[in-house]
Amino acid sequence: MTIVLGTPAVAGVREAMGALREWQYDGAPMQLHAGDIGWNHRFGMPETAAVVRTWSRGGRILAVGMQDTPTLLRITVAPDAFRDEDLARRLVADVSLPERGVLPEGEVAIEAPSGLLLHDLLTKEGWGVDEPWTPLFRDLTEPVEDPGVRIETIGPERAQDFAEVLRSAFGTSRPTREYWHRMAAGPFYDDARCLGAYDERGEPVAVVTVWSAGLGRPGLVEPMGVHAAHRGRGFGRAITLAGAAALREAGSSSVRVCTPSSNVGGVATYKAAGFGARPEVRDRIRTA
C-alpha cells in the first residue's frame, strides 16, 4: 500500500496525539511525546496543526512528526515500524524534497529515536550529527520523595508566575501569561498539569509542566525552569520531584526528559531528582 504524507486538521492532530500516546512504553528510546505537541499549543490550535505531519498506510498512522522550528523536524515511528524499509525510504524522500512541505532547503535537522532505519539511510545520504543530548528517565513504581518546598498548581490566577519564571529561566522575553492560557485551553491539556514552587516569602521560584500519556505509560517533563535569581538552592530538584509525583498520581509508569549534554547543571538537577541518564543521542543534520 502507498504511504501517505498528511498535514492534519484539528481532528487529525488528536488522532496523531493518540498514536503518540500508544507508542510510549518504558523500554522505548527517547522520542516525540504527545506532550511535545501539547506544549506547542501555547501558540494556538491552527499553528499547532500546521506543524504536525503524519505518514499513514492503509489508514493507519505509522509516523508522526512536528516542526519544532522551520528547520527542525522531531519525528517518531510506530514501534513495529522502526525497521520498515518502505516507510524509511519515504521519510528520507519527504525530508529531502522541499516541495513536500516537511523541511526547507539548506541547513536542517531531524530528531528521531535511536534504532530507526531512517538513521541508516540518512547516513548514506550524507547527513551528519549534531551536538549530544542526554535522555534521563525515572521509574515511578515507588512513591516520590517530598520536594521540601511549597508547591502550588498553576491555574489562571498564577499564569503570570509561570511566565515570569520561564522568561528568567531561559533568558527570553517570549513566554507570557497568554502562553499558559492558550496551552491550558487546548484539547490536550487534560493530560497535563503545571506546577510552581514558592519560597518562604511566597515568591515563585520554579515551574514545571508535566504531560501524561495515559495509565501505565511514561510521562514527560516539559518545560522545567528555575528563576535565575533563585538558582543553586535546590528548587530545580524540588519542582522536578513535584512533577514526578504528579505524574505518578496520574498513573504514569515513569517520567522522562531530554536536555543538551552541555547543560551540565540541568543534567545534574535531574539526576538529583532520581533520574538516571541513558546513552547520549544526537540530532541528524544536513549542512547544505
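Author: Let us begin with H8 and H9, which are oblique to each other. Please keep in mind throughout that this is a predicted model.

Reader: At roughly what angle do the axes of H8 and H9 cross, and within what distance do they come?

Author: The axis of helix H8, residues 235–249, and the axis of helix H9, residues 264–272, cross at roughly 50 degrees and come within 8 Å. The crossing of these two helices, H8 and H9, is right-handed. On the H8 side the contact is made by Gly236, Arg237 and Thr240, and on the H9 side by Thr269, Tyr270 and Ala272. Sorted by class, the residues of the contact of H8 with H9 are two nonpolar, three polar and one charged.

Reader: And how do H6 and H7 pack, in terms of angle and axis distance?

Author: Helix H6 spans residues 159–170 and helix H7 spans residues 177–185, and they pack at an angle of about 120 degrees with their axes 7 Å apart. That angle makes H6 oblique to H7. The crossing of H6 and H7 is right-handed.

Reader: Which residues make the contact there?

Author: From H6, the contact uses Ala159, Gln160, Phe162 and Ala163, while H7 brings Arg177, Trp180, His181 and Met183. By class, the contact of H6 with H7 consists of five nonpolar, two polar and one charged residues.

Reader: What about H4 and H5, at what angle do their axes cross?

Author: Helix H4, residues 85–96, and helix H5, residues 117–124, have axes that cross at roughly 45 degrees and come within 9 Å. That makes H4 oblique to H5, and H4 passes H5 in a right-handed crossing. In the contact, Glu85, Ala88, Arg89, Leu91 and Val92 of H4 meet Leu117, Leu118, Leu121 and Leu122 of H5. The residues of the contact of H4 with H5 comprise seven nonpolar, no polar and two charged.

Reader: Which residues line the largest cavity?

Author: The largest cavity is lined by Val77, Ala81, Phe82, Asp84, Leu87, Ala88, Leu91, Leu116, Leu117 and Leu118. The elements that give two or more residues to this lining are H4 and H5, and H4 gives the most, with three residues. By class, the lining of the largest cavity has nine nonpolar, no polar and one charged residues.

Reader: I was also curious about arginine 83; where is it found?

Author: Arginine 83 is found in the loop between strand E4, residues 72–77, and H4. Leaving aside residues up to four places away in sequence, arginine 83 touches Gly115, Leu116, Leu117 and Asp120. The C-alpha atoms of arginine 83 and arginine 21, which are 62 residues apart along the chain, are separated by 20 Å.

Reader: Now the largest pocket, please: how much space lies in it?

Author: About 1,300 Å³ of space lies in the largest pocket. It is lined by 50 residues, and of these the closest to its centre are Trp133, Phe170, Glu222, Pro223 and Cys258.

Reader: Which strand gives the most to the lining of the largest pocket, and how does the lining divide by class?

Author: Strand E10, residues 218–226, gives the most to the lining of the largest pocket, with seven residues. By class, the lining of the largest pocket has 24 nonpolar, 15 polar and eleven charged residues.

Reader: Coming back to glutamate 222 and proline 223, is the peptide bond between them cis or trans?

Author: The peptide bond from glutamate 222 to proline 223 is cis, with omega near 0 degrees. In general, most peptide bonds are trans. Proline 223 lies in strand E10.

Key. Residues are numbered from 1 along each chain as its sequence is written. This is a predicted model: local features need pLDDT of at least 70, side-chain atom pairs count only at pLDDT 80 or more; totals for chains, interfaces and linings use all residues. Side-chain values use heavy atoms; hydrogens and water are left out. Axes are lines fitted to C-alpha atoms, for helices over the stretch in contact, and angles run from 0 to 180 degrees between N-to-C directions. Helices (H or I, at least four residues) and strands (E, at least two) are DSSP runs, numbered from the N terminus. Angles under 35 degrees count as roughly parallel, over 145 as roughly antiparallel, 65 to 115 as roughly perpendicular and the rest as oblique. A crossing is left-handed if the near helix is turned anticlockwise from the far one by less than a right angle, and right-handed if clockwise. Contact means heavy atoms within 4.5 Å. Ala, Val, Leu, Ile, Met, Phe, Trp, Tyr, Cys and Pro count as nonpolar, Asp, Glu, Lys and Arg as charged, and the others, Gly among them, as polar. On a 1 Å grid over the protein atoms alone, a cavity is a set of points where a 1.4 Å probe fits but cannot get out, and a pocket is an open set with protein on both sides within 12 Å along at least five of seven lines; lining residues have an atom within 4 Å of a point. Grid points are joined across faces, edges and corners, and a volume is the space filled by probe spheres set on the points.
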